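Please look through the following model with its strands, its helix packing and a few individual residues in mind.

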Amino acid sequence: MKFTLSVTLPSTMNVRSVHAAAGDKFAEAIFGVGGVASLFGVNDFVTVTREPDADWGPIVAAVEAAAEAYL
């Protein structure tokens, strides 16, 4: 799912695991909700890929909250 941001990311992000998210508060918050397979971001958007059968509701809420808090 693609999320358009109100800010431009300082750099491209390509996070493919919860371990790779370590140290990036934005990515940690999104992976922390569970069900996230990967996170890609460039310019003013991020794309989240979920694990099969994961519910989008908590993931969407996590992206919105993390963007507000960390971007």
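In this predicted model, the charged end of Lys2 lies over the ring of Phe45, at 4.6 Å from the centre of that ring. Pairs between aromatic rings are another matter, for the count of aromatic pairs comes to zero.

Lys2 belongs to the range of strand S1 (2–4), which is one of the two edge strands of the sheet, the other being strand S2 (13–15), and each of these pairs on one side only. The sheet itself is open and has four strands in the order S1-S4-S3-S2, with antiparallel pairing. On average, and with direction ignored, neighbouring strands of this sheet are turned by 15 degrees against each other.

Within this arrangement, strand S3 (residues 36–42) and strand S4 (residues 45–50) pair in the antiparallel sense over six bridges, and Leu39 has Val48 in S4 as its bridge partner. Helix H2 (residues 56–70) packs on the sheet, where it touches S1, S3 and S4, and the direction of the helix makes about 155 degrees with that of S4.

The loop between S1 and S2 contains Pro10. Is this proline buried or exposed? Pro10 has a relative accessible area of 80%, and because a residue counts as exposed over 50%, Pro10 is classed as exposed. The C-alpha atom of Pro10 is separated by 7.7 Å from that of Asn43, although the two residues are 33 residues apart along the chain.

Note on methods: Residues are numbered from 1 along each chain as its sequence is written. This is a predicted model: local features need pLDDT of at least 70, side-chain atom pairs count only at pLDDT 80 or more; totals for chains, interfaces and linings use all residues. Side-chain values use heavy atoms; hydrogens and water are left out. Two strands pair if DSSP finds at least two bridges between them. Axes are lines fitted to C-alpha atoms, for helices over the stretch in contact, and angles run from 0 to 180 degrees between N-to-C directions. Contact means heavy atoms within 4.5 Å. Rings of Phe, Tyr and Trp (its six-membered ring) pair if their centres lie within 6.5 Å; planes under 30 degrees apart count as stacked, over 60 as edge-to-face and the rest as tilted. A charge sits over a ring if NZ of Lys or CZ of Arg is within 6 Å of the ring centre and within 35 degrees of the ring normal. Buried means under 20% relative accessible area, exposed over 50%, partly exposed in between (1.4 Å probe, protein chains only).
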